[in-house]
Amino acid sequence: MSYQFELDKSNRSLRFPVILMAAIVCTVIAAYAFAACGDRSPDQARAGEPVGSKPSTTVPVSNVSTASTEKPALVINGPVTFEMADSAYREHRYDDATVLFKTYADGRSTNPWGFYMLGLSAWKSGDRVQAEGAFVHALTLDSTHVKSHLNLSRVLLESGQPDSALVHIEAAIALDSTSSEPLRLQGRAFEAQGKTDDAIVAYQRAIVKNDSDTWAMNNLGALYIRLERFEDAIGPLAHANEIEDKVATFHNNLGMALELTGRYEQSVEQYRAALAIEGTYGKAVSNLQRVELVKQDPSITPVDLKERSKQFQEQIAKW
């Protein structure tokens, strides 16, 4: 349901009976444009040319086309090399990359890297079914391939299968004890299962493992917002923005935490910061439109975001 504020035309301030406050808070959270767990960053895990690869496979032009009708069909003249497919991926031509990596992988049926990159390409092009199959195939070839475990778990989470995702997340944790990434994904899976206390612990463990894991901080802050722990949300979100201030999602979610504590002027600053980074970011547009004309209650003290970030860092040392 869409929540719309009614503004007093004389002073642009909110007017509603106090008795409705609790219900309104719940409604507002439901109506907010969240961007909580978007650590959809497989680019960090792209492969290099596999060692000892087989000769490239030639594909007839007639067998290859792209899904989109708005661009010319992909034409392949000669062998498909890893560099050719990887170039399409790096250029964000994910449909083309999917076709190319499928051909590349089919010609190297014992090499998990080709299927891994096929999984990434298919996932980025929106084909979760093919992505899942490719990652599963990569793991049948190499059950210790951590990146396939992690990105398969992301696909499964997006498909609403947190139980299955946890199997691969736990495998990744067992295989790589140094990374915060599987712990962050474990937090997402626990959230999807409704185990919010376990999710908080998983995000905290991820941050202890890597005190620069801004996505774990973002996800922890967003979870606090869902749990109506608005003041608690400010610290991790402020620290995430302090470390990495060019991510629109982080500014948007910090804006929500500030708005829900009544700090409207500061929330407007964060929504505008998000839009300065990504001008078409719909979530920040919706949130800014809702709050930019709301008058700040002078009795509410602005929060020192640097101090909250510092306090959050002190908490990490105690976890």
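Angles of 65 to 115 degrees between two axes count as roughly perpendicular, a cut-off that is needed for the first of the close-up views of this predicted model.

**View 1. The crossing of helices H11 and H15.** The axes of H11 and of helix H15, which covers residues 305–316, come within 8 Å and cross at roughly 95°, and the two helices are therefore roughly perpendicular to each other. On the H11 side the residues that meet H15 are Glu-231, Ile-234, Gly-235, Pro-236, Ala-238, His-239 and Glu-242, while on the H15 side they are Leu-305, Lys-306, Arg-308, Ser-309, Phe-312 and Gln-313. Sorted by class, this contact of H11 with H15 has five nonpolar, four polar and four charged residues.

**View 2. The pairing of helices H12 and H13.** Helix H12 (residues 248–260) and helix H13 (residues 264–277) have axes that come within 8 Å and cross at roughly 165°, which makes H12 roughly antiparallel to H13 because angles over 145 degrees are counted in that way. The crossing of these two helices, H12 and H13, is left-handed. From H12, the contact is made by Ala-248, His-251, Asn-252, Leu-254, Gly-255, Met-256, Leu-258 and Glu-259, and from H13 by Tyr-264, Gln-266, Ser-267, Gln-270, Tyr-271, Ala-273, Ala-274 and Ile-277. By class, nine nonpolar, six polar and one charged residues take part in the contact of H12 with H13.

**View 3. Helix H7 and its buried residues.** Helix H7 runs over residues 162–175, and at 1.5 Å a residue its 14 residues should span 20 Å, which agrees with the 20 Å that separates its end C-alpha atoms. The buried residues of H7 are Pro-162, Ala-165, Leu-166, His-168, Ile-169 and Ala-172. Among the elements that cover these buried residues of H7 are helix H5 (128–141), helix H6 (146–158) and helix H8 (181–192).

**View 4. His-92 in the loop between helices H2 and H3.** His-92 is found in the loop that lies between helix H2 (82–90) and helix H3 (94–106), and His-92 has a positive phi of about 65° although it is not a glycine. With a relative accessibility of 55%, His-92 counts as exposed, because the cut-off for that class is over 50%.

**View 5. Glu-228 in the loop between helices H10 and H11.** Glu-228 has its place in the loop between helix H10 (214–226) and helix H11 (230–243), and the phi of Glu-228 is near 65°, a positive value in a residue other than glycine. The relative accessible area of Glu-228 is 39%, so Glu-228 is partly exposed.

Conventions:
Residues numbered from 1 in each chain as written. Predicted model: local features only at pLDDT ≥ 70, side-chain atom pairs only at ≥ 80, totals over all residues. Heavy atoms only, no water. Axes fitted to C-alpha atoms, helices over the stretch in contact; angles between N-to-C directions. Helix = DSSP H or I, 4+ residues; strand = E, 2+ residues; numbered from the N terminus. Parallel < 35°, antiparallel > 145°, perpendicular 65-115°, else oblique. Left-handed = near helix turned anticlockwise from the far one by under 90°. Contact = heavy atoms within 4.5 Å. Nonpolar A, V, L, I, M, F, W, Y, C, P; charged D, E, K, R; others polar. Expected span 1.5 Å × (residues − 1). Buried < 20%, exposed > 50% of the residue type's maximum accessible area, 1.4 Å probe, protein only.
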